[in-house]
Structures are given as C-alpha cells and as structure tokens.
Amino acid sequence: MIQQNCDLAALFCDYLLSALYAAGYREELERQARYDWLTGLGNRRALERRLADSLPRGWGLAFLDLDDLKKVNDSQGHQAGDQLLQRFAEALRQAGFEAFRLGGDEFAVLLSRQQVEKLYQVVDCFQVSYGFAWAEEGSGVELLALADQRMYEQKHRKKTGRSV
C-alpha cells in the first residue's frame, strides 16, 4: 500500500512538472509570437491586437521607415544594419513610446497629438520617413494602412526633391 502511494505521488509529481514545463514553453512561444527578436519591441501581430481596441480621440499611429537601411547593410554589413535597428528601437523606447517593429526597416508608434514633437526629436537623429494617421480617420488595420500610405508619400517627396 505504501509503495502504491509512493508510485502515485511520483506519477503525480512527474505530471505536475510536465505541466509546469509545458506552461513555461507556451509562455515563451506566446512571447515569441508577439515580440520582435532583434529589437525586443512588439511585432506586427502585437500591433494588430493593440489596434483591435480603438484608439481614443487625439491618439494615432505613426508609421516609420528607416531610410537607406539597405545601403547600411550593403556597405557596412548586416551586423551594422541590425545595430542601427536596435539603436532606433532603443531611442523610441527611451522616449517612452509604445513602439512596434513591423518587419525589415518598418516601425509603428502609438502616440497622442501632444507627443508628435517628441517623436520628431527622436527621428531627427536618424534618417526616417514617416506618416501619421489619427483615430478620427479610422481604426484598426485601416489606420495602419493610411499611415503607411502617408509615409510612402513622404518618402517619394524626399526622393524627388519636393518639399516634405
């Protein structure tokens, strides 16, 4: 009888340890699914989840594109490009922004209208094209698409030499 109880206790402990291990593994998978591995910022999936809840009036989204990342990668190597991405992410984080890396050289920041000047101070230290979209103009992924479109319009104006 004592041996059976010990065997059951051992079996229960094995089960409990397996469940705890699996739970930790699941948390890690969930973390990896929401965060960019290089910068530690939220990723596109995290942003889309965040945008599922409408932003309040006066809040919006800035779509940011690091200009010439390809040139850095080609001339100085991918490690230098990765460091540039990390420095930019850290600058956004240090400024207190809720920021996301969407992939490659693209980032998004959620901000209030009062924080726009603060964002300009961050992007002035880097070569960045940007576009804004505000909660009053839409919601969810349509807000992201609008900010993206405006960023590409600014990028085009920069390349053609027209005023920004």
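Author: In this predicted model, the lining of the largest cavity divides into 4 nonpolar, 4 polar and no charged residues (Ala, Val, Leu, Ile, Met, Phe, Trp, Tyr, Cys and Pro count as nonpolar, Asp, Glu, Lys and Arg as charged, and the others, Gly among them, as polar). The lining consists of Leu51, Ser54, Leu55, Ala135, Gly138, Ser139, Gly140 and Leu143, and the space inside comes to about 30 Å³, the structure holding 1 cavity of 30 Å³ or more (on a 1 Å grid, a set of points where a 1.4 Å probe fits but cannot get out, with lining residues having an atom within 4 Å of a point).

Two residues of this lining, Leu51 and Gly140, return in the contact of helix α2 (residues 44-52) with α6. The axes of α2 and α6, lines fitted to C-alpha atoms over the stretch in contact, come within 8 Å and cross at roughly 120 degrees, and the two helices are therefore oblique to each other (under 35 degrees is roughly parallel, over 145 roughly antiparallel, 65 to 115 roughly perpendicular and the rest oblique). Arg44, Leu47, Glu48 and Leu51 of α2 meet Gly140, Val141 and Leu144 of α6 (contact being heavy atoms within 4.5 Å), which by class gives 4 nonpolar, 1 polar and 2 charged residues.

Helix α6 (140-160) also takes part in the largest pocket, to whose lining α6 gives the most, with 3 residues. That pocket has a volume of about 180 Å³ and is lined by Asp65, Leu66, Asp67, Asp68, Leu69, Lys70, Asp105, Ser129, Lys155, Lys158 and Lys159; besides α6, the elements giving two or more residues are β1 (59-66) and α3 (69-76). Here the classes are 2 nonpolar, 1 polar and 8 charged. A pocket is an open set of points with protein on both sides within 12 Å along at least five of seven lines.

Another helix pair is formed by α4 (residues 78-94) and α5 (residues 116-123), which pack at an angle of about 150 degrees with their axes 10 Å apart, and that makes α4 roughly antiparallel to α5. Phe88, Ala91 and Leu92 of α4 meet Leu119, Val122 and Val123 of α5, a contact of 6 nonpolar, no polar and no charged residues.

Residues are numbered from 1 along each chain as its sequence is written. Local features need pLDDT of at least 70 and side-chain atom pairs count only at pLDDT 80 or more, while totals for chains, interfaces and linings use all residues, and side-chain values use heavy atoms, with hydrogens and water left out.

Methods:
Axes are lines fitted to C-alpha atoms, for helices over the stretch in contact, and angles run from 0 to 180 degrees between N-to-C directions. Helices (H or I, at least four residues) and strands (E, at least two) are DSSP runs, numbered from the N terminus. Grid points are joined across faces, edges and corners, and a volume is the space filled by probe spheres set on the points.
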